[in-house]
Amino acid sequence: MSDPHSQMILYLVQHGEAVTETVDARRPLSAAGRATVDQVATWSARHGLTVDQIRHSGKLRAEQTASILAARLQPPRGVVAQSGLAPNDDVRPVAKTLAGETGSLMLVGHLPFLARLAALLLSGDSDRSLIRFRYAGLVGLVRDGDQWAISCVVPADLTGPQ
């Protein structure tokens, strides 16, 4: 049996749909993006998803997505911006940080970063295409010891009103 202190639950969430740069260079969430993220957040809370902390890239669309999720999930360690989660950042430093963490964590970010991080954790190869993320979709990974596995994939369109 594995050490319970080596277990971790990691949720990876691609930010919601954002407006284009021509509409607003800061790229906030669109009205549809906000609505979809709220739908995912409501579904997640209703189904008992809990996280200790939500981290985001610091980009406005990721920060807004994280804030909407936090309003429903109430992470006890809050919401924080974390460097190294930008779309084209190297995933290895984040993977190394995760190796020393336990509990439950949600990372809100961007493509291709999230897909590359998931691939590295699951297969050891960040260039391997394993998961197709969609706006506001949620992918759950669980680590037991040093092995990661997919625990759930929740596309935003499956979280509609119930």
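In this predicted model, the buried residues of helix 1 are G33, V37, V40, A41, W43 and S44. Viewed down the axis of helix 1, these residues fall within an arc of 165°, so they line one face of the helix. The face turned away from this buried side carries the exposed residues A31 and R46. A reader with the structure open may like to ask what covers the buried residues of helix 1. The cover includes helix 2 (60-73), strand 5 (138-144) and strand 6 (147-154).

The helix itself takes in residues 31-46, 16 residues in total. From its first C-alpha to its last, helix 1 reaches 23 Å, close to the 22 Å expected at 1.5 Å a residue. Just after helix 1, G48 takes a positive phi of about 80°.

Attention now turns to the strands. Strands of a sheet pair through backbone hydrogen bonds, either parallel or antiparallel. Here, six strands form an open sheet with mixed pairing, and their order is 3-2-4-1-5-6. Strand 3 (79-81) and strand 6 are the edge strands, each pairing on one side only. From one strand to the next, the twist averages 25°.

Within this sheet, strand 1 (residues 8-14) and strand 5 run antiparallel and are joined by six bridges. As for individual positions, L10 stands opposite L141 in strand 5.

Conventions. Residues numbered from 1 in each chain as written. Predicted model: local features only at pLDDT ≥ 70, side-chain atom pairs only at ≥ 80, totals over all residues. Heavy atoms only, no water. Helix = DSSP H or I, 4+ residues; strand = E, 2+ residues; numbered from the N terminus. Expected span 1.5 Å × (residues − 1). Buried < 20%, exposed > 50% of the residue type's maximum accessible area, 1.4 Å probe, protein only. Arc of directions from axis to C-beta. Contact = heavy atoms within 4.5 Å. Pairing = 2+ DSSP bridges. Axes fitted to C-alpha atoms, helices over the stretch in contact; angles between N-to-C directions.
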